Amino acid sequence: MTLRVLGVDPGLTRCGIGVVDVEKNRRATMVAVGVVGTSPDEGLDQRLLLIATSIDDWLDRYEPDVLAVERVFSQLNVSTVMGVAQASGVVIAAAARRGIPVALHTPSEVKAAVTGSGTSNKEAVTKLVTKILRLDAPPRPADAADALALAITHAWRAGSGTSNKGAATTGPGSLSLTPAQRAWAEAEAKARRAR
């Protein structure tokens, strides 16, 4: 069974969107990737409308089993956090209207799942996403690669094609975890302690 995950790296200026199919053996294949861009010169209502319309189109076109969205985390720039939160809300609501489950993942969880280290930089994430998906060229801009990384992370966490309930059985103590999955579990535990 293949799990189709639509990953979203939310943002008002650039909202990365990627669709990945992941087989039970963890083999991941990119279905589609893109970035929805909005101009800071537009009003907030129009920017959110463009993101909402675009995500509706992606959800209708690709019919994912689940949506993986980057969890909003605290930053020094409050206006950036607000924009990310607003874009996330629009995306989550679009999935909820269709009854599509939504999973939230922190940036450190995604980095750990894809690269094996929760502190990797964007270049490392892009490089590993390119390798995992067997792409000829790296997805650009970084928001597109991040969206694909979110989709891969969720599928691997969920057990690559098993139900999402199976994700709880893979904890830090499991002997069947890959090094990347162990790093992800450690990053997730650290993120939870920091809340």
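**View 1. His 105 lies in strand β5, which covers residues 102-105.** The model shown here is predicted. His 105 is buried, and its relative accessible area is 0%. Its side chain forms a polar contact with the side chain of His 154, at 3.1 Å. Leaving aside residues up to four places away in sequence, His 105 touches Ala 68, Val 69, Glu 70, Arg 71, Val 110, Leu 150, Thr 153, His 154 and Arg 157.

**View 2. The largest nonpolar core contains 23 residues.** Leu 6, Val 8, Ile 51, Ile 55 and Leu 67 have the most contacts inside this core. At least two of its residues come from each of β1 (3-9), β2 (14-22), β3 (28-37), α1 (44-62), β4 (66-70) and α2 (78-97). The most is given by α1, with seven residues. Apart from this core lies another, of 21 residues, including Val 22, Ala 28, Ala 68 and Leu 133.

**View 3. Leu 6 and the residues it touches.** With residues up to four places away in sequence not counted, Leu 6 touches Ile 17, Gly 18, Val 19, Ile 55, Trp 58, Leu 59, Pro 64, Val 66, Leu 67 and Ala 68.

**View 4. Helix α1 has 19 residues.** From first C-alpha to last, α1 reaches 27 Å, close to the 27 Å expected at 1.5 Å a residue. Buried in this helix are Arg 47, Leu 48, Ile 51, Ala 52, Ser 54, Ile 55, Trp 58, Leu 59 and Tyr 62. The buried residues of α1 pack against β1, β2, β3, β4 and α2. After the helix comes Glu 63, with a positive phi near 45°.

Note on methods
Residues numbered from 1 in each chain as written. Predicted model: local features only at pLDDT ≥ 70, side-chain atom pairs only at ≥ 80, totals over all residues. Heavy atoms only, no water. Core = buried A, V, L, I, M, F, W, Y, C linked by side-chain atoms within 4.5 Å. Buried < 20%, exposed > 50% of the residue type's maximum accessible area, 1.4 Å probe, protein only. Helix = DSSP H or I, 4+ residues; strand = E, 2+ residues; numbered from the N terminus. Contact = heavy atoms within 4.5 Å. Expected span 1.5 Å × (residues − 1). Polar contact = N/O pair within 3.5 Å; in protein donor to acceptor, adjacent residues only side chain to side chain.
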